[in-house]
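Student: Please go through this structure with me. I'll ask as I go.

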Amino acid sequence: MNRRTFIKTSALATGGVVAAQSAVAETGWLTGDDVIRIGLIGCGGRGTGAAAQALSTKQNVRLVAMGDAFRDRLDDSLKNLRKEGQYDDRIEVTEETKFVGFEAYRSVIELCDVVLIATPPGFRPIHFEAAIDAGKHVFMEKPVATDAPGVRKILAAAAKAKAQKLNVVVGLQRRYQKKYTEWVERLHNGAIGEIISTRVYWNSGGVWTRPRQEGQTEMEYQMRNWYYFNWLCGDHIVEQHIHNLDVGNWVKQAYPVSAMGMGGRQVRTGKEHGEIFDHHSVEYEYADGSRMFSQCRHMKGCQNRVTESFHGSNGNAPKPGLIETGSGYQLWKYRDRNDPSPYQVEHDELFATIANGEFKHADAENGAYATLTAIMGRMATYSGQIIHWDDALNSELSLMPRTFAFDADPPILPDESGFYPIPTPGVTRVL
Amino acid sequence: MTRRYFACLLGCLMLAAPRITLAQTEIQLPTFSQTVPGTAVSFDMVCIPAGTFQMGSPESDPDREADEGPLRMVELDSFWIGTMEVSFELYNLFRERELDNGETNASFAYDADAVTRPSPPYEDPTFGMGKTGYPAVSMTQYAALRFCKWLWQKTGVFYRLPTEAEWEYACRAGTSTRYSFGDDIADLDEYGWHYDNSDETYHLCGTKKPNPWGLYDMHGNVSEWCLDQYQANFLTLLPEQPKNPWQRPTSLHPRTVKGGSWDDDPEELRTSNRIESSPNWKKRDPQIPKSFWWNTDSPFVGFRLVRPVNPGTEEDIRAFWKQVLDE
């Protein structure tokens, strides 16, 4: 036996599932009983996981409604949740509370107290706005938009959420991870002095593709392969690298004022790879003149790196959980192997707050600016220009379709041989 | 035993194999190099002689845990075992379909397209700690066994994970001390990567001293999957001097892991230490269903190959896969 498994065993014995049955005593909960009804919008692997994490909190949480563009995704999600076995008594989804199609979110929002939004990023502004307008608390995955109009929509709804004291957690889970919170607190307290330069990376092998099926409309094909289309995903600099860019801003306690960079498609060039780049390298500048150097790459067979690193006027923080002097002497190190999953922690905190009738979580504004940081990087690599924060934020260029329907045209279409137009630095307009 | 393999064995015996002290007799352990057909990737195996040994740790070991006792005499048949942990390059031939050109040494038909291969991991399984020359990590035991089956299909040679008993016998290499180099934790840095000297990362395979039988990284670097269901009272359950004991799996967790890793404290690298796998090793997989192939939270676990000297018939081997892979 080792410590890792020991902790796991004792945690199971004392908390977890057993605690889920304990009644929440005095709550300021709006429905009057202690049940918190959740609805899931977006039933992919991550959405299903988010539902499971919500159902694993200590509160009396019930999954009452699910929505997805596709019936098969929704059915698989419910089947997979039930297969886990441990949530069965908290799943109250019926045939009548399964909603399919572009408008499914409206019905889900109506039926629940907390909305879990895990649809492709392009839809999040629409779904978040509707949830806040309906007065619901929200867990929303990152990134929260794919274009500037979407970011502004999130910001407007975020202000409304704050005014109505609706809790919002965004899935930038590093902010709920002790290794990071302890580390960042020390950096904020000046452990390495002023932050002079920041390096952030998401260099990995890439993700799935789903083959085009006979009879699929272009809209359905793109929705099924949402990762490869900007209106849906925002490119991988937005979809994944946002995590590291957010940490860069968090430590710096600022958002960058401009970005320049380069990127392209080197190895992932097929029809099945839509329009997105496979690499971006961006230099962000903060108001004090310091820089954040960012790399993200989707290429197999290369050295992977997903991390953040800070250089200060009085030392270095080479990786999360580590602080060193300039000459490399270790000042502080955090060992996290027994820590709970931050994906679980973010739900634990959200639902405890809601059950207590408190207002503590207002992640949407930062979520929007973190998203904008990544979008600004993409604007820089696509265009080959220096992009300024205010211009990026105020851009009127919308990536979204005019009509949401499976027989409608998405905003980007393949040519006769099935290839999509690719952004070209020096040519492509991004503002 | 295939003719090709036999020829290779004879060839290896002629070479200067490590001179090894085994139970007071100095002998040479045969070595064997396996190349994966159609690739330049090869790995080395050492032939461990049949014998008996005391499994577990004595009560006098200050770090002993209850699951390491009582000491039991165990008998084992001869087997080959990898001199190194399975490398990233080797495991990757199985992971990436495009690296497998379909060549095989096996007598039966091999269809590279029909092989069940790992799905893409949710996050980088190496966590940026390195690939070329480093051990493969983060795979589930199921994935490690699937790899073994693929390797059998490619080479025609039956490879599998070691049983817990085989692993400990090979690690002890005739010793009865806490580590295969002795009892003194102060010597550990010469032989293994552990939390205090690893800089929180695994290291290139084979950069520390080997054990007396020429096996590298038996202590530390990465922990290694065994074939057994973990049972805390395993040693009490064994019959009198069992032969080739194997606790057959009945559930996904816990399974036995041995050797300790770069992320473990020195006492967890002791030869007799037993580590239980846990569903917690996927705690940061935020998706449902969680991957059957990858753990998001065990970049400290890899594996080592064993090849029984007497693998049985092809039918026996197929029955083995059927059982361990729940096919």
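Student: Which is Gly56(B), buried or exposed?

Tutor: Gly56(B) counts as buried, at 3% relative accessibility. Buried means under 20% relative accessible area, exposed over 50%, and partly exposed in between, with a 1.4 Å probe and protein chains only. This is a predicted model: local features need pLDDT of at least 70, side-chain atom pairs count only at pLDDT 80 or more, and totals for chains, interfaces and linings use all residues. Residues are numbered from 1 along each chain as its sequence is written, chains are lettered from A and ligands numbered from 1 in the order in which they are written, and side-chain values use heavy atoms, leaving out hydrogens and water.

Student: Where is Gly56(B) found?

Tutor: In chain B, the loop between strand S5 (51–55) and strand S6 (72–76) holds Gly56(B). Helices (H or I, at least four residues) and strands (E, at least two) are DSSP runs, numbered from the N terminus.

Student: What does Gly56(B) touch?

Tutor: Leaving out residues up to four places away in sequence, Gly56(B) touches Glu68(B), Leu71(B), Glu168(B), Arg172(B), Leu235(B) and Ser272(B). Contact means heavy atoms within 4.5 Å. Phe88(B) is 32 residues from Gly56(B) along the chain, and their C-alpha atoms are separated by 31 Å.

Student: And Glu98(B), buried or exposed?

Tutor: With a relative accessible area of 57%, Glu98(B) is exposed. Its loop in chain B runs between helix H2 (88–95) and helix H3 (141–155). Glu98(B) and Asp113(B) are 15 residues apart along the chain, with their C-alpha atoms separated by 9.8 Å.

Student: New topic, helices. Which residues in helix H4 of chain A are buried?

Tutor: In H4(A), residues 104–111, the buried ones are Ala104(A), Tyr105(A), Val108(A) and Ile109(A). They fall within an arc of 125° seen down the axis, so they line one face of the helix. The arc is that of the directions from the helix axis to the C-beta atoms.

Student: Why do residues three or four places apart point the same way?

Tutor: An α-helix has 3.6 residues a turn, so residues at that spacing point the same way.

Student: What do the buried residues of H4(A) pack against?

Tutor: In chain A, they pack against strands S1 (35–41), S2 (60–68), S3 (98–100) and S4 (114–117), and against helix H5 (124–133).

Student: Which residues are buried in helix H7 of chain A?

Tutor: Lys179(A), Tyr180(A), Trp183(A), Val184(A) and Leu187(A) are buried in that helix, residues 178–188. Their arc around the axis is only 110°, which puts them on the same side of H7(A). Their cover includes helix H10 (242–252) and strands S11 (305–312), S12 (315–317), S13 (322–324) and S14 (330–333) of chain A. Just after H7(A), Gly190(A) has a positive phi of about 90°.

Student: Which residues have a positive phi although they are not glycine?

Tutor: Asp235(A) is one of them, with phi about 80°. Ala173(B) is another, at about 50°. Asp235(A) sits in the loop between helix H8 (218–224) and helix H9 (236–239) of chain A, and counts as buried at 0% relative accessibility. Ala173(B) sits in the loop between helix H4 (164–172) and helix H5 (188–191) of chain B, and is buried as well, at 4%.

Student: Back to chain A. At what angle do H6(A) and H12(A) pack?

Tutor: About 165°, with the axes 8 Å apart; H12(A) is residues 364–383. Axes are lines fitted to C-alpha atoms, for helices over the stretch in contact, and angles run from 0 to 180 degrees between N-to-C directions. H6(A) and H12(A) are therefore roughly antiparallel. Over 145 degrees counts as roughly antiparallel, under 35 as roughly parallel, 65 to 115 as roughly perpendicular and the rest as oblique. Residues of H6(A) that meet H12(A) include Val151(A), Ile154(A) and Leu155(A).

Student: What about H5(A) and H6(A), parallel or antiparallel?

Tutor: Roughly parallel. Their axes cross at roughly 15° and come within 9 Å.

Student: Last one: which residues does the cis peptide bond of chain B join?

Tutor: His253(B) and Pro254(B), with omega about -10°. Pro254(B) is in the loop between helix H6 (234–237) and strand S9 (255–258) of chain B. In chain A, the peptide bond from Lys142(A) to Pro143(A) is cis too, with omega near -25°. Pro143(A) is in the loop between strand S5 (137–140) and helix H6 (148–163) of chain A.
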